[in-house]
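Biologist: I would like to go through some of the labels used for this protein chain. Please show it first.

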Amino acid sequence: MSAVIVRLMGGLGNQMFQYATGHAAAKRLGVPLLLDRTFLDSRPAGMDWTPRDFELDVFAAPIAFADPGQVAILRRPIDQPLHRRLRRLLPSLYPSVILERHPGLDAAVLRCKAPVYLEGFWQNEGHFIAVAEELRSALFVPREAPDARNRALAGAMQASVSASVHVRRGDYATNADTARYHGVCPPAYFHGAARELAERHGVDRFFVFSDDPDWVQSNLSFPRPSEHIAHNTGRAAHWDLWLMKQCRHHIIANSSFSWWGAWLDPRPEKEVIAPARWFAGTDTPASAIIPSAWTAR
């Protein structure tokens with residue numbers, strides 16, 4: 001069957017980038033989108049990366065998985081040494097496989113033809129801007145209704161000049177290799193961004209999300225009242241994205257999760273402040289990842 005097959009890797013934010021890119025390509029080509037979750041499900045001996053689970057089923061987006069046989073055929077240029085060497089020399093022989101070549105927009109995705117296998121993180125809205133409205137209003141919306149606690153928080157966010165603040169630490173802080181590549185945003189970044197939103201955009205209340213709330217409580221302060229949200233854990237983490245979307249402005253970390261929290265907010269007047277350096281271990285500019293309307297600090 002002709003289709004767009006996209007490989008899933010990483011946590012929820014990365015899976016959303018991969019789904020969005022695959023969905024846009026599949027819609028353009030008029031073929032189904034199929035998801036390859038074999039990497040997510042693998043737990044090889046000696047693995048040195050953070051294990052992740054399939055998480056997209058919390059959203060209303062339709063889910064269909066690829067047949068392992070079809071994946072094996074399309075992945076031959078990647079998995080078999082002979083084909084891998086040939087592909088390196090003559091990539092045009094293998095148009096049915098697109099591997100991400102660099103962070104940012106990869107025009108090859110926009111030109112691909114079905115069947116095609118996409119492997120990458122695709123962290124740039126240019127891969128799926130054509131279906132932005134559908135992603136925001138129909139696909140990346142929770143399958144279930146919010147509970148009373150999250151509804152009350154959403155009401156408070158909508159009733160104030162609110163800003164979401166996402167502080168990503170977790171393995172960025174605890175895994176030495178991950179820390180060298182990604183790095184963590186320092187307190188000075190969050191303090192400066194919060195002052196800017198309070199002084200220039202009238203933000204009067206901050207809502208703070210983090211996978212390390214104790215560190216946030218001990219190291220960050222805000223120029224206006226703040227509320228720390230830490231109850232949406234595990235399979236409920238997508239409710240933090242939903243809550244971030246309710247805020248009028250956003251301070252994000254170098255995190256695909258907070259990227260989506262800000263991007264799902266459809267307000268054209270929103271101010272989004274993002275770190276100028278997205279990866280500590282590379283020279284990739286933030287402009288490769290964040291939309292041009294956002295502010296890099």
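Modeller: This is a predicted model. The charged end of Arg168 sits over the ring of Tyr172.

Biologist: What makes Arg168 count as sitting over the ring of Tyr172?

Modeller: Its charged end is 3.8 Å from the ring centre. The cut-off is within 6 Å, along with a limit of within 35 degrees of the ring normal. Arg136 likewise lies over the face of Trp263, at 3.9 Å from the ring centre.

Biologist: Why is the pair of Phe140 and Trp260 called edge-to-face?

Modeller: The centres are 5.3 Å apart, and a pair needs them within 6.5 Å. The angle between the planes is 85°, and over 60 counts as edge-to-face, so the label applies. By this rule there are 17 aromatic pairs.

Biologist: Which parts of the chain does the pair of Phe140 and Trp260 link?

Modeller: Phe140 is in the loop between α7 (132-139) and α8 (148-159), and Trp260 is in helix α14 (residues 256-263). The two residues are 120 residues apart. Both belong to one aromatic cluster, whose members include Phe17, Tyr19 and Trp294.

Biologist: How do you know whether Phe140 is buried or exposed?

Modeller: Phe140 has 3% relative accessibility. Buried means under 20%, so Phe140 is buried. Trp260, at 0%, is buried by that cut-off as well.

Biologist: What makes β7 and β10 edge strands?

Modeller: The open sheet has the order β7-β6-β5-β8-β9-β10, with parallel pairing. β7 (226-229) and β10 (295-296) each pair on one side only.

Biologist: How do you know that β8 and β9 pair?

Modeller: Two bridges join them, and at least two are needed, so they pair. In β9, Val272 is the bridge partner of His250.

Key:
Residues numbered from 1 in each chain as written. Predicted model: local features only at pLDDT ≥ 70, side-chain atom pairs only at ≥ 80, totals over all residues. Heavy atoms only, no water. Phe/Tyr/Trp six-rings, centres within 6.5 Å; stacked < 30°, edge-to-face > 60°. Helix = DSSP H or I, 4+ residues; strand = E, 2+ residues; numbered from the N terminus. Buried < 20%, exposed > 50% of the residue type's maximum accessible area, 1.4 Å probe, protein only.
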